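Student: I would like to learn how to read a structure of this kind, one feature at a time. Could you show it to me and take me through its surface, its folds, its charged pairs and its open spaces?

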Amino acid sequence: MLIIVSISLMACQKQVTFLTLEEKLADKVWYLERYSAPGTTILYRGQPTFSFQLVGATRSYLDSDGIVGSYTITEHPVASYLQINASNRFIEAFVIRQIDKDAVVMEYSRNNGLTTLFFSTRP
């Protein structure tokens, strides 16, 4: 009887898969849902807005403004960064504050002000 219970318990165990930050971000289209900067908050939910995509196989970046380039993701214990490299425009490194399967929050600092960008994959 103990053997049957042990076999049953082993068969019911779920295997947990941990995705890297790049696996969570790549190969999806991310739409800007909210922009927040000192003194300004703009909501775009459900409206046409800025979007970007990271292509994991080629490490390429493309966005709705027509910018094409490459990306680098750097993970540190305290913060993770997304750096976009494009020949026709300088794009800052974004600090990735939060990510799940269909939402990401990123920040960057400019002129002593913190800008927060909220993206979703939109169903």
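This is a predicted model: local features need pLDDT of at least 70, side-chain atom pairs count only at pLDDT 80 or more; totals for chains, interfaces and linings use all residues.

Student: What share of the residues is buried?

Tutor: A residue is called buried under 20% relative accessible area, exposed over 50% and partly exposed in between, with a 1.4 Å probe and protein chains only. Of the 123 residues in the chain, 33% are buried.

Student: Which elements does the chain have, and in what order do they run?

Tutor: Helices (H or I, at least four residues) and strands (E, at least two) are DSSP runs, numbered from the N terminus. Here there are two helices and nine strands, and from the N terminus on the order is α-α-β-β-β-β-β-β-β-β-β.

Student: Which residues is Gln53 in contact with, beyond its neighbours in sequence?

Tutor: Contact means heavy atoms within 4.5 Å. Gln53 lies in strand E3, residues 51–55, and, leaving aside neighbours within four places in sequence, is in contact with Asp27, Lys28, Val29, Ser60, Tyr61 and Leu62. Gln53 and Val29 are 24 residues apart in sequence, yet their C-alpha atoms are 4.8 Å apart in space. For the chain, residues 24 or more positions apart account for 38% of the contacts with a separation of 6 or more.

Student: How many salt bridges does a search of the whole structure find?

Tutor: Side chains of opposite charge can pair when their charged atoms come close. A salt bridge is a side-chain nitrogen of Lys or Arg within 4 Å of a carboxyl oxygen of Asp or Glu, and the search finds three. One of them joins Glu22 and Arg59, whose closest N and O atoms are 2.8 Å apart. That pair links distant parts of the chain, with Glu22 in helix H2 (residues 21–25) and Arg59 in the loop between E3 and strand E4 (60–63), 37 residues apart. Glu33 and Arg122 also meet in a salt bridge, at 2.8 Å from N to O. Glu33 lies in strand E1 and Arg122 in the segment after E9, so this pair ties together parts that are 89 residues apart in sequence.

Student: Are the partners Arg97 and Glu107 buried or partly exposed?

Tutor: The side chains of Arg97 and Glu107 meet in a salt bridge, 2.6 Å from N to O. Arg97 is partly exposed, with a relative accessible area of 48%, whereas Glu107 is buried at 14%.

Student: What volume does the largest pocket have, and which residues lie nearest its centre?

Tutor: Rolling a probe the size of a water molecule over the atoms shows where empty space is left. On a 1 Å grid over the protein atoms alone, a cavity is a set of points where a 1.4 Å probe fits but cannot get out, and a pocket is an open set with protein on both sides within 12 Å along at least five of seven lines; lining residues have an atom within 4 Å of a point. Grid points are joined across faces, edges and corners, and a volume is the space filled by probe spheres set on the points. The largest pocket has a volume of about 340 Å³ and is lined by 18 residues, of which Phe50, Arg89, Ile91, Phe94 and Leu117 lie nearest its centre. Strand E7 supplies the largest share of this lining, five residues.

Note on methods
Residues are numbered from 1 along each chain as its sequence is written. Side-chain values use heavy atoms; hydrogens and water are left out.
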